[in-house]
Amino acid sequence: MPARKKIGVLISGRGSNMMSILDACERGDINGDVVVVISNKANAEGLQKAAERGAEALAVSHRDFPDRELFDRAVVEKLEKREVNLVCLAGFMRLLSPWFVSRFRNRVMNIHPALLPSFPGLHGQKQAVDHGVKISGATVHFVDEKLDHGPIIIQRAVEVRDDDSEDSLAERILKIEHQIYTEAVKLFCADRLHVEGRKVFIHDK
Ligand code: GRF
């Protein structure tokens with residue numbers, strides 16, 4: 001097994017994906033530890049939950065910085081100080097600057113509540129219901145310079161039912177998000193992910 005990885009999680013809200021990663025690390029399912037949780041919103045519910053679990057939980061408000069890159073530099077400084085190997089975006093509602101992405105190339109993951117490249121951006125579940133698709137799902141991908149665009153690590157499908165609302169579909173997709181996000185982090189921390197261009201290959205153990 002490679003050395004245990006250090007994971008930083010960026011959030012803006014509820015933090016349920018962050019908590020499922022934290023849980024999986026604590027159970028020993030992931031060869032890594034969440035060393036810091038950073039929120040751009042001081043009142044994020046997830047920040048409180050992380051602190052209650054004993055994780056280091058910091059607020060860095062984007063409002064304190066004149067532009068995106070200066071905010072990103074402040075966040076990266078905190079991640080690098082803790083020698084973070086992997087950054088997990090988990091409901092983090094800020095676009096990363098190209099500078100941040102290049103600093104952590106193929107080391108930033110995001111979870112999206114739709115089967116990319118369908119329905120990028122906000123409210124992926126509502127977009128799916130409104131479009132009338134029969135299948136949607138969730139995607140874990142590496143982050144590149146474009147929104148919800150980088151190399152795809154894991155996707156899993158969820159059936160869209162005739163009577164689904166945005167909320168009912170979101171609830172079922174969220175369960176899948178928690179599963180595939182922890183799986184992807186587990187694979188990264190076991191050094192089993194290899195990226196070539198847009199493709200992510202999963203090595204055997
Ligand atoms: C999730 O649906 C995720 O896919 C999206 O934002 C939501 C965050 O939920 N990017 P939580 O904060 O992890 O509970």
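Analyst: Happy to. Around the ligand you will find Arg14, Gly15, Ser16, Asn17, Gly91, Ile111, His112, Pro113, Gln125 and Glu177, where being near means having a heavy atom within 4 Å. Please keep in mind that this is a predicted model, in which local features need pLDDT of at least 70, side-chain atom pairs count only at pLDDT 80 or more, and totals for chains, interfaces and linings use all residues. Residues are numbered from 1 along each chain as its sequence is written, and side-chain values use heavy atoms, with hydrogens and water left out.

By type, this shell holds 2 nonpolar, 6 polar and 2 charged residues; Ala, Val, Leu, Ile, Met, Phe, Trp, Tyr, Cys and Pro count as nonpolar, Asp, Glu, Lys and Arg as charged, and the others, Gly among them, as polar.

Now for the polar contacts, pairs of N or O atoms within 3.5 Å. A side-chain N or O atom of Arg14 is 2.5 Å from an oxygen atom of the ligand. Ser16 also places a polar side-chain atom 2.5 Å from a ligand oxygen. With Ile111 it is a backbone N or O atom that lies 3.2 Å from a nitrogen atom of the ligand. On its own the ligand exposes 360 Å², and the protein buries 85% of that (Shrake-Rupley method, 1.4 Å probe).

Note on methods: A polar contact is a pair of N or O atoms within 3.5 Å; within protein, one must be able to donate a hydrogen and the other to accept it, and residues adjacent in sequence count only if both atoms are side-chain atoms.
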